[in-house]
Amino acid sequence: MDRNEKLELLQQQIDEANGGSPSEFSVWRQKTEVVLRNVVGDANPLYESFRKVHYSPMVWSVDTPNSRFAEAQAAGVRQAIAILNAAK
């Protein structure tokens with residue numbers, strides 16, 4: 001895979017992230033992990049950083065509103081977008 005193909009794949013995942021709200025979060029997350037691993041390699045710190053991104057609140061209770069979960073997911077996706085941009 002040449003550099004242009006790698007950049008296109010990264011940009012596609014950034015675009016599909018939709019600013020923090022991918023249309024199918026689980027599919028986006030799995031595909032993004034595969035793309036990033038193939039572009040930078042599994043030994044790259046960016047790949048490890050992506051794997052450590054949290055998409056849910058670190059602490060919650062039964063009274064935690066659903067909006068908090070949505071906010072945490074969007075924040076995680078935005079963090080992943082930053083990692084994807086760094087991989088360019």
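Reader: What does the secondary structure of the protein chain come to?

Author: In this predicted model, the secondary structure of the protein chain comes to four helices and zero strands, and from the N terminus on the elements run α-α-α-α. The C-alpha atoms fill a box of roughly 50 × 25 × 20 Å along the principal axes, and buried residues make up 31% of the 88 residues.

Reader: Why are α1 and α2 called roughly antiparallel to each other?

Author: Helix α1 (residues 3-16) and helix α2 (residues 25-40) pack at an angle of about 160°, with their axes 10 Å apart. Angles over 145 degrees count as roughly antiparallel, and α1 and α2 are therefore described in that way. The contact is made by K6, L9, L10, Q12, Q13 and E16 of α1 together with W28, K31, T32, V35, L36 and V39 of α2, and these residues divide into six nonpolar, three polar and three charged. In passing α2, α1 makes a left-handed crossing.

Reader: How do you know whether Q13 is buried or exposed?

Author: Q13, which lies in helix α1, has a relative accessible area of 0%. Buried means under 20%, and Q13 is therefore counted as buried. Leaving aside its neighbours within four places in sequence, Q13 is in contact with W28, K31, T32, V35 and L84.

Reader: What is said of the phi of N18?

Author: Phi of N18 is near 55°, a positive value in a residue other than glycine.

Reader: What makes E48 count as partly exposed?

Author: E48, whose place is in helix α3, has a relative accessibility of 37%. Partly exposed covers what lies between the buried limit of 20% and the exposed limit of 50%, and E48 therefore falls in that class. From C-alpha to C-alpha, E48 and L36 are 9.9 Å apart in space, while in sequence they are 12 residues apart.

Reader: How do you know that the span of helix α4 agrees with its number of residues?

Author: Helix α4 (residues 66-87) has 22 residues, which at 1.5 Å a residue should span 32 Å. The expected span takes one less than the number of residues, and because the end C-alpha atoms of α4 are 32 Å apart, the two values agree.

Reader: Which residues of α4 are buried, and what do they pack against?

Author: In α4, the buried residues are A72, A74, G76, V77, A80, I81, I83, L84 and A87, and they pack against α1, α2 and α3 (45-51).

Conventions. Residues are numbered from 1 along each chain as its sequence is written. This is a predicted model: local features need pLDDT of at least 70, side-chain atom pairs count only at pLDDT 80 or more; totals for chains, interfaces and linings use all residues. Side-chain values use heavy atoms; hydrogens and water are left out. Axes are lines fitted to C-alpha atoms, for helices over the stretch in contact, and angles run from 0 to 180 degrees between N-to-C directions. Helices (H or I, at least four residues) and strands (E, at least two) are DSSP runs, numbered from the N terminus. Angles under 35 degrees count as roughly parallel, over 145 as roughly antiparallel, 65 to 115 as roughly perpendicular and the rest as oblique. A crossing is left-handed if the near helix is turned anticlockwise from the far one by less than a right angle, and right-handed if clockwise. Contact means heavy atoms within 4.5 Å. Ala, Val, Leu, Ile, Met, Phe, Trp, Tyr, Cys and Pro count as nonpolar, Asp, Glu, Lys and Arg as charged, and the others, Gly among them, as polar. Buried means under 20% relative accessible area, exposed over 50%, partly exposed in between (1.4 Å probe, protein chains only).
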